[in-house]
Amino acid sequence: MSDITYIYSLEDPRYKDCIRYIGKSINPNDRFDIHLKNFGSNDHKTNWIQSLLKQNLKPSQNILDEVPTS
């Protein structure tokens with residue numbers, strides 16, 4: 001198991017500094033891919049991502065912090 005957990009944001013590419021989601025993951029790149037492919041959920045974040053994808057856009061992911069997993 002990883003000793004580091006990453007705190008990340010998903011930001012709207014249409015607006016400067018528009019954070020729409022904060023998450024944490026030990027593997028943020030894999031987690032980002034899961035966010036983009038999560039079609040079964042009907043929550044605000046998923047609906048927002050799907051609306052971006054329909055416009056040929058993707059959210060940007062930024063690592064905000066690295067913290068111990070414990």
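This is a predicted model: local features need pLDDT of at least 70, side-chain atom pairs count only at pLDDT 80 or more; totals for chains, interfaces and linings use all residues.
The secondary structure of the chain consists of two helices and three strands. Read from the N terminus, these elements follow the order β-β-α-α-β. Strand β1 covers residues 4-11, while helices α1 and α2 cover 28-37 and 44-54. Strand β2 takes in residues 19-25, and strand β3 takes in residues 60-68. The C-alpha trace spans about 35 × 30 × 15 Å along its principal axes. The chain has 70 residues, of which 29% count as buried. Among contacts between residues at least 6 apart in sequence, 56% join residues at least 24 apart. The chain exposes about 4,900 Å², and 49% of this area is supplied by carbon and sulfur atoms. The chain carries 9 positive and 9 negative charges, and the mean positions of the two sets are 9 Å apart.

The interior was examined next. In soluble globular proteins, nonpolar side chains tend to be buried together. In this model the largest nonpolar core has seven residues, namely Tyr8, Leu10, Phe32, Leu36, Trp48, Ile49 and Leu52. Three elements, β1, α1 and α2, each supply at least two residues of this core. The largest share, three residues, comes from α2. When neighbours within four places in sequence are set aside, phenylalanine 32 is in contact with Leu10, Pro59 and Gln61.

An α-helix has 3.6 residues a turn, so residues three or four places apart point the same way. After α2 comes asparagine 56, with a positive phi near 60°.

Charged side chains were then searched for pairs. Side chains of opposite charge can pair when their charged atoms come close. Across the whole structure the search finds two salt bridges. In one of them, aspartate 12 pairs with arginine 14, with the closest N and O atoms 2.7 Å apart. In the other, arginine 20 pairs with aspartate 12, and here the closest N and O atoms are 3.7 Å apart. Aspartate 12 counts as buried because its relative accessible area of 2% is under the 20% limit. Arginine 14 has 37% relative accessibility and counts as partly exposed. Arginine 20, with a relative accessible area of 34%, is likewise partly exposed.

Apart from neighbours within four places in sequence, aspartate 12 is in contact with Cys18, Arg20, Trp48 and Leu52. Aspartate 12 and serine 60 are 48 residues apart in sequence, but their C-alpha atoms are 6.7 Å apart in space.

Two residues were noted for their backbone angles. Most residues other than glycine have a negative phi, and most peptide bonds are trans. Aspartate 17 has a positive phi, near 55°, although this residue is not glycine. With a relative accessible area of 63%, aspartate 17 is exposed, whereas aspartate 12 is buried. Asparagine 56, also a residue other than glycine, has a positive phi near 60°. Asparagine 56 is found in the loop between α2 and β3. At 74% relative accessibility, this asparagine counts as exposed because the value is over 50%.

Technical notes. Residues are numbered from 1 along each chain as its sequence is written. Side-chain values use heavy atoms; hydrogens and water are left out. A salt bridge is a side-chain nitrogen of Lys or Arg within 4 Å of a carboxyl oxygen of Asp or Glu. Buried means under 20% relative accessible area, exposed over 50%, partly exposed in between (1.4 Å probe, protein chains only). A nonpolar core is a set of buried Ala, Val, Leu, Ile, Met, Phe, Trp, Tyr and Cys residues joined through side-chain atoms within 4.5 Å. Helices (H or I, at least four residues) and strands (E, at least two) are DSSP runs, numbered from the N terminus. Contact means heavy atoms within 4.5 Å. Accessible areas come from the Shrake-Rupley method with a 1.4 Å probe; for residues, only the protein chains shown count as cover. Lys and Arg count as positive and Asp and Glu as negative; His and the chain ends are not counted. The place of a charge is taken as NZ of Lys, CZ of Arg, CG of Asp or CD of Glu.
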